[in-house]
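Please take a look at the protein shown here.

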Amino acid sequence: MSFLVIKAYLKLIQFDLYLGRGNFAALYNEVRKHPVGKSAACPEMVGRICAAVDMACIWYWKEALCLQRSAATVCLLKRHGVRAQMVIGAQHIPFKAHAWVEVDGRVVNDRSYTPNMYGVLDRC
């Protein structure tokens, strides 16, 4: 198991604790205010981090929600110098909310057509 997968797993735990306490504001602020690393990210870093979060989700003891998974992904990407955004969207009928990660307007941790299915509520 790589060090990146361990960091992703720890982020999943952190955000699970926020959500378990009903503290969406803390999760939101952590993602929004997470600093972008000063070093330039190598081109394959986005794929490596998304794969590490996917692997961490496989080993996580319960299902990781899209919000938790996306928050962890954004924080890791930012730490490695990638300007990423967590996007929260909703569908009206039937009501569904969803979160995903975008880098330069491109979805990186979900299906590319996800933004077409949900109206964007916020980007952080």
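## Buried and exposed

A residue counts as buried when its relative accessible area is under 20%, and as exposed when that area is over 50%. Keep these cut-offs in mind for helix H1. There, Leu4, Val5, Lys7, Ala8, Lys11, Leu12, Phe15, Asp16 and Tyr18 are buried.

The model is predicted. In the protein chain, buried residues make up 47% of the 124 residues.

## The overall fold

How many helices and strands does the protein chain have? There are 5 helices and 4 strands. Read from the N terminus, their order is α-α-α-α-β-β-β-α-β.

Next comes size. For 124 residues, a compact globule would have a radius of gyration near 14 Å. The protein chain has 14 Å, so the value agrees with that of a compact globule. Along the principal axes, the C-alpha atoms fill a box of roughly 40 × 30 × 25 Å.

Contacts tell us about sequence and space.

## Surface and charge

The accessible surface of the protein chain is about 7,000 Å². Carbon and sulfur atoms account for 58% of that surface.

The protein chain carries 16 positive and 9 negative charges.

## Helix H1

Helix H1 covers residues 3–20, which is 18 residues. From its first C-alpha to its last, H1 reaches 26 Å. That is close to the 26 Å expected at 1.5 Å a residue.

Here is a general rule for reading the list of buried residues. An α-helix has 3.6 residues a turn, so residues three or four places apart point the same way. In H1, the buried residues include Leu4, Ala8, Lys11 and Phe15.

What do the buried residues of H1 pack against? Their partners are helix H2 (24–33), helix H3 (45–59) and helix H4 (66–79). Just after H1 comes Gly22, with a positive phi of about 70°.

Asp16 sits in helix H1. Is Asp16 buried or exposed? Its relative accessible area is 12%, so Asp16 is buried. Leaving out residues up to four places away in sequence, Asp16 touches Tyr60, Trp61, Lys62 and Gln68. Asp16 and Ala64 are 48 residues apart in sequence, yet their C-alpha atoms are 8.0 Å apart in space.

Thr73 belongs to helix H4. Its relative accessible area is 1%, so Thr73 is buried too. Which residues does Thr73 contact, apart from its neighbours within four places in sequence? They are Ile49, Cys50, Val53, Val101 and Asn109.

## Two loops to inspect

Where is Pro94 found? Pro94 lies in the loop between strand S1 (84–91) and strand S2 (96–103). A cis peptide bond joins Ile93 to Pro94, with omega about -15°.

Asp104 is in the loop between S2 and strand S3 (106–107). Asp104 is not a glycine, but it has a positive phi of about 55°. Its relative accessibility is 77%, so Asp104 counts as exposed.

Methods:
Residues numbered from 1 in each chain as written. Predicted model: local features only at pLDDT ≥ 70, side-chain atom pairs only at ≥ 80, totals over all residues. Heavy atoms only, no water. Rg over C-alpha atoms; globule rule 2.2 N^0.38 Å. Buried < 20%, exposed > 50% of the residue type's maximum accessible area, 1.4 Å probe, protein only. Areas by Shrake-Rupley, 256 points an atom, 1.4 Å probe, with all protein chains shown as cover. Lys, Arg positive; Asp, Glu negative; His and termini not counted. Charge placed at Lys NZ, Arg CZ, Asp CG, Glu CD. Expected span 1.5 Å × (residues − 1). Contact = heavy atoms within 4.5 Å.
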